[in-house]
Amino acid sequence: MGLCPLLFALITWQVLVTGPLLAPDRELSRALVRTVPDAVTEALADLGNVPVALPVLLVAIAYALYRGDRRGPLAAAVAMVSVPALVIPLKEWTARPGPLEPWAAGYFPSGHTATALTAYVGAALLVAPYARRRWPLPLAAALTALTATGLILRGFHWPLDVLASLLLCAPLLACVHRAVGRGGRTRGVGGPGQPPK
């Protein structure tokens, strides 16, 4: 996990100085953009919209609180609030143009990817201790991957924009994971106060 900030810093530096990593990034984007119908990729990208992703996290927070966890929901809420606090200044600072809108700026890092990753994986971490099977994290990973794929294929973001967001938010989610592990909740699938099954 300690490698994530270093890789994020490397990518950010490359964006700021128009370094050599941007050439393969542009080539990959040109090869992928609009290879799938826009209607499909826009629907996938929309999974990273705040009105879509945030309610998922809020339901998971409410459920974890109901089950007696206090630290996990707090950590997940702080992680989600941290996303715009980190992403917006970085967008303004780097002012990277978009793949299909070179006249516009503010594409790095991807806010939709950061929102999807933090909301879906945060929700999965909160729900996973109470699930009978290990479905929450694979589902969260799939939703995040679909969001990222839609953003790249539609040309809303460069691949490095998406990768940078994943690296940026991974430490936030590591904090959520640690908080859930210390959460003082009742394990199992019963209600509050019931013994684990």
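Ala105 touches Ala95, Arg96 and Pro97, with residues up to four places away in sequence left out of the count; here a contact means heavy atoms within 4.5 Å. The structure is a predicted model, in which local features need a pLDDT of at least 70, side-chain atom pairs count only at pLDDT 80 or more, and totals for chains, interfaces and linings use all residues. Residues are numbered from 1 along each chain as its sequence is written, and side-chain values use heavy atoms, with hydrogens and water left out.

Ala105 sits in the loop between helix 5 and helix 6, where helices (H or I, at least four residues) and strands (E, at least two) are DSSP runs numbered from the N terminus. Ala105 counts as exposed, at 54% relative accessibility; buried means under 20% relative accessible area, exposed over 50%, and partly exposed in between (1.4 Å probe, protein chains only). Its C-alpha atom lies 8.4 Å from that of Thr94, eleven residues away along the chain. Gly106, in the loop between helix 5 and helix 6, is in contact with Lys91, Ala95 and Arg96 once neighbours within four places in sequence are set aside. A separation of 37 Å is found between the C-alpha atoms of Gly106 and Asp69, which are 37 residues apart along the chain.

Some backbone details of this loop also deserve a look. Ala95, placed in the loop between helix 5 and helix 6, has a positive phi of about 50° although it is not a glycine, and at 37% relative accessibility it counts as partly exposed. Elsewhere, Thr18 in the loop between helix 1 (3-17) and helix 2 (22-32) has a phi near 50°, a positive value in a residue other than glycine. Thr18 is exposed, at 55% relative accessibility.

On to the overall fold: the protein has eight helices and zero strands. Its radius of gyration is 18 Å, close to the 16 Å that the globule rule gives for 197 residues, so the protein is as compact as a globular protein of that length; the radius is taken over C-alpha atoms, and the rule is 2.2 Å times the number of residues to the power 0.38. The C-alpha trace spans about 60 × 35 × 25 Å along its principal axes. Of the 197 residues, 49% are buried. The average pLDDT (the predictor's confidence in each residue, from 0 to 100) is 93, and 92% of the residues score at least 70. Residues 184-197 fall below 50 in pLDDT, and this stretch has 25 contacts in the model beyond near neighbours in sequence.

The second largest pocket holds about 190 Å³ of space. On a 1 Å grid over the protein atoms alone, a pocket is an open set of points where a 1.4 Å probe fits, with protein on both sides within 12 Å along at least five of seven lines, and lining residues have an atom within 4 Å of a point. Of the 14 lining residues, Val50, Val83, Pro84, Gly111 and Thr115 are the closest to the pocket centre. Helix 5 gives the largest share of the lining, seven residues. Thr115, in helix 6, is buried, with a relative accessible area of 8%, and touches Gly48, Val50, Ala53, Met80 and Val83, not counting residues up to four places away in sequence.

Technical notes. Grid points are joined across faces, edges and corners, and a volume is the space filled by probe spheres set on the points.
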